[in-house]
Amino acid sequence: MTHFPALLLLQAQRTRIASLSGVDLAILIAYFAAVLGIGFYLKRFAKSGEDFFLAGRHMTAWIAGLSFVAANLGALELMGWAGAAYQYGILATHWYWVGAIPAMLFLGVVMMPFYYISKTHSVPGYLQLRYGEGARGLSAVSFGFMTVLMSGINMYSMAVVMQVVLGWDLHFSIWVSSITVAIYVALGGLLSAIFNEVLQFVLIWLGALLIPIFGMIEAGGWSGMVARIGQNLAKLGKQGDYVHLWRTMGGFDNPMGIHWTGIVLGLGWVISFGYWTTDFLVVQRILAAKDLRSAKLAPIIGSAFKMAVPFIVILPGLLGLALLTNPDGSVMRLVAEGSEQAKAGALTYNHVLPLMLARYCGPGLLGLGITALVAGFMSGMAGNVSAFATVWTYDIYRAFIRKRSTDQHYVSMGRWCTILGVLVSIGTAYLVMQFKSIMDYVQALFSFFVAPLFGTVLLGMLWKRATPAGGFWGLLAGTVSSIAMWAWVKINPAALAYIALSPKAKDMAENMYRALWSWLICVTVTVIVSLATKPKPVEELGGLVYGVTPLPSEGDLPLWKRPIFWAGVVAVVFIVLQVIFW
């Protein structure tokens, strides 16, 4: 295996640690040619609005489910969580298991019938049907704002990988990936995005599996890795349990400085359910399913693959803790993004994955690994851009600017909006550098926009008494309060003890509790305002609210073909994993 040449020089100057051979370049070029070819080929099938924005609603459960996971398998997963695992240990796995699986199963079993039956193009579109234009407009604007900020993450992350591993110019990498995504999404819309995401999903697994396989061999298996982590933490002067999920959650004395209530309620309930059930970036893929059974089954299929993702994302971060050393044999010390050491040129948590990639991959394998990372970044970026184009076109442009026009006009607007969204996203890529890690940036955005939206959607689906005024003011109060709490801690760090219940809380813990408070504020305001205002007539709530909507029967299907059966299977595996890594 290859160890790092001149790592101390790299830390000071950020020079490249590898170079692509002819074989590596051929693999990377072939990938770019393939995604562009798919875009040009699928353009002929994306003529109507239904084709461009919802892939014609022809996707099978497997295609929709894989796309559902792949749209989330971008920089947020690959580079951000590897860095978070190095920083917080195995606690980062909570974002894949507690922070995903229950919510994905809930989406498939409970919420998809309402999204699908209403035939909405988006989550803001559902809010328009349930609450009216006010709630739709507010959610559409906040989602659009969040989406372009999130898209910048993928650009920045890929550029950092190329800079650290290959020495490529940051700006060159950003523009090449951006232009490629803009072309294939503008040509084929969601159809092109979905087919490329499935391709990218396969490439990500092929490339990303290299690190955990070689890393576990070098570390001597799980027990060997755990022993090395303990030794290296002692050398770095750090304390805490980095290799168990729950046993340190009884207090705040753990690497993340978070109590189990923050994980279960802030992450497992508010952030997780908010993202997986109301974030249109992922819900859009399920809406493209060919029928209701496929729409319900797709997130359940996705949840099974999601449970396996930590083995290619979290494990590299833990292996980094165990194996990364300097040429003199000392333990490598990575620092927080935005810190004084980082500004001076030191490597950060976000560099764990590219460092591990360069450690193990020679010619050919390096090209496959780099292509996997590029595929992941472009997958996440394409997901954001296609969702942004749909929400802008249907929920802002058509709703408030040009209400009556031809279907072809809206398809053209979607294509132009795709290009505009990419250009705006380029500007946001540089904002990421101001945060300590990519994941701190991401979770802060989720606490601002996703957490309160979940409260609004959940009450709308389950409580027929919720009113249009309650939906609007609750969503606004939740969003504004979350941003206000974030600003309060920035202005007065002592406020952390009130927001996160402990002055020891790290940024991630603060995000979880802030999300919980904003959700509670949203729900409270929605209930109070709804009780004081007039609800919609019950006859207008058909297809939108439980209790007034007859759900279609699945017929005489055997038990093993029913979505609820496979949801139960996934739930059992989920519980077993919690026990194994307790």
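The structure is a predicted model, in which local features need pLDDT of at least 70, side-chain atom pairs count only at pLDDT 80 or more, and totals for chains, interfaces and linings use all residues. Residues are numbered from 1 along each chain as its sequence is written, and side-chain values use heavy atoms, with hydrogens and water left out.

Confidence is given as pLDDT, the predictor's confidence in each residue, from 0 to 100. The average pLDDT of the protein chain is 80. A score of at least 70 is reached by 87% of the residues. Over residues 1-15, pLDDT stays under 50. For this stretch the model has 42 contacts beyond four places in sequence; a contact means heavy atoms within 4.5 Å.

The protein chain contains 24 helices and 0 strands. Both are DSSP runs numbered from the N terminus, with helices (H or I) of at least four residues and strands (E) of at least two. Among contacts in the chain with a separation of 6 or more, 83% join residues 24 or more positions apart. Of the 582 residues, 63% count as buried. Buried means under 20% relative accessible area, exposed means over 50%, and partly exposed lies in between (1.4 Å probe, protein chains only). The accessible surface comes to about 20500 Å². Carbon and sulfur atoms hold 69% of this surface. Accessible areas come from the Shrake-Rupley method with a 1.4 Å probe, and for residues only the protein chains shown count as cover.

The largest nonpolar core has 178 residues. Such a core is a set of buried Ala, Val, Leu, Ile, Met, Phe, Trp, Tyr and Cys residues joined through side-chain atoms within 4.5 Å. Trp81, Tyr115, Met225, Ile229, Leu334, Val374 and Val457 touch the most other members. Helix 20 (residues 438-462) gives the largest share of this core, 15 residues. Beyond its neighbours within four places in sequence, methionine 225 contacts Met216, Ala219, Leu315, Leu318, Leu319 and Ala322.

A nonpolar patch lies on the surface. Phe40, Trp175, Ile179, Ile183, Trp416, Ile419 and Leu423 form this patch, with about 740 Å² of accessible area together. Patches are made of residues with over 30% relative accessible area and no salt bridge; like charges are joined within 9 Å, and nonpolar side chains (Val, Leu, Ile, Met, Phe, Trp, Tyr) within 5 Å. A salt bridge is a side-chain nitrogen of Lys or Arg within 4 Å of a carboxyl oxygen of Asp or Glu. Helix 9 (170-208) and helix 19 (407-428) each give two or more residues to the patch. Isoleucine 179 lies in helix 9 and is partly exposed, at 46% relative accessible area. Valine 424, in helix 19, is partly exposed at 39%. Its C-alpha atom is separated by 8.7 Å from that of leucine 149, 275 residues apart along the chain.

Serine 481 is in helix 21 (residues 468-491). This serine counts as buried because its relative accessible area is 15%. Proline 537 sits in the loop between helix 23 (507-532) and helix 24. Its relative accessible area is 36%, so proline 537 is partly exposed. Glutamine 578 is placed in helix 24 (residues 563-580). At 9% relative accessibility, this glutamine is buried. Its contacts, neighbours within four places in sequence aside, are Trp97, Val98, Leu245 and Trp246.
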